[in-house]
Amino acid sequence: MLDVIIKNGRVYDGTGNPWTKTDIGIEDGRITIIGNLSSEQAEQIIDANGLAVSPGFIDPHVHSDLLCTVPEVHKIKALQGVTTELFGQDGISVAPVSEETKPLWQKQLSGLNGDIGEWPWNSIDEYFSFLEKSKIIGNAAYLVPHGAVRSLVMGFEDRVATKQELEKMRLLVEEGMRMGAVGLSSGLVYPPNVFSNKEELIEICKGTAKYDGCFVVHIRNESIHSLSALDEVIDVSRQSGVRLHISHFKIIGQGNRDKFKKALDKMNAARQEGIEITFDQYPYSAASTVFHAILPPWMHSGGTEETLIRLSIPEIRKRISDEFKTNTEYENWVLNCGWKNIIITSVQTDSNKCLEGKNMIEISEIRQQSPEDAAFDILIEEKGNVAMVIHWGFAEDVLLSMCHPLQVVGSDGIFGGKPHPRLYGTFPRVLGKYVREEGALTLEQAIRRMTGAPAQLMRLKDRGLIKEGYQADIVIFDHEIIKDRATFEEPLLEPEGIHVVYINGKLTVYHGEYTGARDGKVIRRFQSSKIDKVATFRIDR
């Protein structure tokens, strides 16, 4: 007798092939048989007649690294069909750390990844063990974060690494890969990653390429200098041999729209050259990140505490205000998008909760300050733990890149306050708006971009497809009604049309409701029974 039979559904296998009407048998958490199972018995039988049956969606860009341990918060990922997530994004995540760097990262990441109290880990392996003991809902894979590695070797210093420091960083990356990471991440607008040069990226990517890992990167500039920023990471891939994946691809600002197609052409050309490049994208023309990202890079030297001290100095505040108006050498959100398009989504203190959901012009009027002074004071009051949404572009450009063959779907979802609706709506929005309503993609194409394609990026051997022997991560949804409901005004509305989700063969969502199951697994890409001796480096002050 099988554990589960899913019968009569339209099975989309994740490869992009047309659907086939067949049955799926599950036993011990895996898909054991596909075919006509009308004569078989099972403890659970799901009749999926008229419904789409798909591999579980794989989200290749998330910030669930900590709050995945809080089911009531994290369940929204399963409710929209996500069964596997890729943590460790943007080079700024929770491991590896030391007792010296851990407090720095706890402060730095609170506004992005949330706060669960103490971190009982230092190494990536210890972090994985923590997740396993926490019994998470979905599956989790991990990227070695560039910033965490750099801070172990150099702290948050604004300078070029020495040859010896480059070697130490590469060795730490290799160690993380051996512990089970699927690749390396960097966010070249975030400290301390922003202080690195191309030579540093090449060296650490060599450590990733040694284990056939991917380099997942938020490029150095997504606006006026976006093409040269893309050239930089393509050359890093060329020289290191690493597989390249561009995070949340976009071009910011109306004046830079001409660069959108040029960037896509550059990725096509890199593919023709033999560089394995892909990108992820969410189906919205607005971004979301930490609010302190509006500050110029030099403000972040030394970490959050030193940044906040500088923000209280009048001369420095004036310098930043002047740079907001003219400086195009960094990712200047204020110059490219304007204060009206920057919205506060999450704060920590009760006194500022009234600001959530308001743009900086509205906030400046409420506080009777200039937008610049309001921004600086909010950062000081919140100790840097603020998140924002930025409306950066146009729906036409979102559609252009969504239809590109190198695209995969990723949410970049951030929890807290009034978050970007992509946290609750990304995957249903693609299937409802862009497949059913607009016909921009076929259902087969969209499902491949949510399943088989990200599995290929992560080199997952037994997930991302409906295939015998694969893990039973499965989503059953009504392709005629599935849609997102979350909006910028009401971002916490759950989607419609997803009926059933299995994670590792366990019923996790039933009739659109979370069952309470917590059967997710940590995906260690290298299942070594013996971890090499941990390399530990102290920061030289």
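Predicted model: local features only at pLDDT ≥ 70, side-chain atom pairs only at ≥ 80, totals over all residues.
# Sheets and helix packing, in questions

Student: Which residue stands opposite Arg 10 in strand 2?

Tutor: Start with the strands: strand 1 and strand 2 (residues 20-27) pair in the antiparallel sense, with six bridges. Within strand 2, the residue opposite Arg 10 is Lys 21.

Student: And strand 4, which residue there stands opposite Lys 7?

Tutor: Strand 1 (residues 2-11) and strand 4 (residues 42-47) run parallel, joined by five bridges. Look across from Lys 7 into strand 4 and you land on Asp 47.

Student: Moving on to the eight-stranded sheet, which are its edge strands?

Tutor: The sheet is open, its pairing is parallel, and the order reads 6-7-8-9-10-11-12-16. An edge strand here pairs on one side only, and that picks out strand 6 (57-59) and strand 16 (407-409).

Student: How much is the average twist from one strand to the next there?

Tutor: We're still on the open sheet in the order 6-7-8-9-10-11-12-16. From one strand to the next, the twist averages 30°.

Student: At the strand 16 end, which residue stands opposite Asp 280?

Tutor: Strand 12 (residues 277-281) and strand 16 run parallel and are joined by three bridges. Asp 280 faces a residue of strand 16, namely Val 408.

Student: What angle does the direction of helix 8 make with that of strand 12?

Tutor: Helix 8 (residues 259-273) packs on this sheet, where it touches strand 11 (243-246) and strand 12. Between the directions of helix 8 and strand 12, the angle is about 145°.

Student: Helix 15 lies across which strands?

Tutor: Helix 15 takes in residues 422-437 and runs at about 125° to strand 6. The strands it lies across are strand 6, strand 7 (82-87) and strand 16.

Student: Now the three-stranded sheet: which are its edge strands?

Tutor: This one is also an open sheet, with antiparallel pairing and the order 13-15-14. Each edge strand pairs on one side only, and the two are strand 13 (286-290) and strand 14.

Student: Is strand 14 mostly covered or exposed?

Tutor: Strand 14 spans residues 342-346, and five of its five residues are buried, meaning under 20% relative accessible area. That makes the strand mostly covered.

Student: In strand 15, which residue is the bridge partner of Ile 342?

Tutor: Strand 14 and strand 15 (residues 387-391) run antiparallel, and four bridges join them. For Ile 342, the bridge partner in strand 15 is Ile 390.

Student: Last topic: how is helix 5 oriented to helix 6, and why?

Tutor: Helix 5 (residues 163-178) and helix 6 (residues 198-209) pack with axes 8 Å apart, at an angle of about 30°. Angles under 35 degrees count as roughly parallel, so helix 5 is, relative to helix 6, roughly parallel.

Student: How do the residues of that contact divide into nonpolar, polar and charged?

Tutor: The crossing is right-handed. Helix 5 contributes residues including Leu 166, Met 169 and Arg 170, while helix 6 contributes, among them, Glu 200, Glu 203 and Ile 204. Sorted by kind, the contact residues are five nonpolar, two polar and five charged.

Definitions and conventions
Residues numbered from 1 in each chain as written. Heavy atoms only, no water. Axes fitted to C-alpha atoms, helices over the stretch in contact; angles between N-to-C directions. Parallel < 35°, antiparallel > 145°, perpendicular 65-115°, else oblique. Left-handed = near helix turned anticlockwise from the far one by under 90°. Contact = heavy atoms within 4.5 Å. Nonpolar A, V, L, I, M, F, W, Y, C, P; charged D, E, K, R; others polar. Buried < 20%, exposed > 50% of the residue type's maximum accessible area, 1.4 Å probe, protein only. Pairing = 2+ DSSP bridges.
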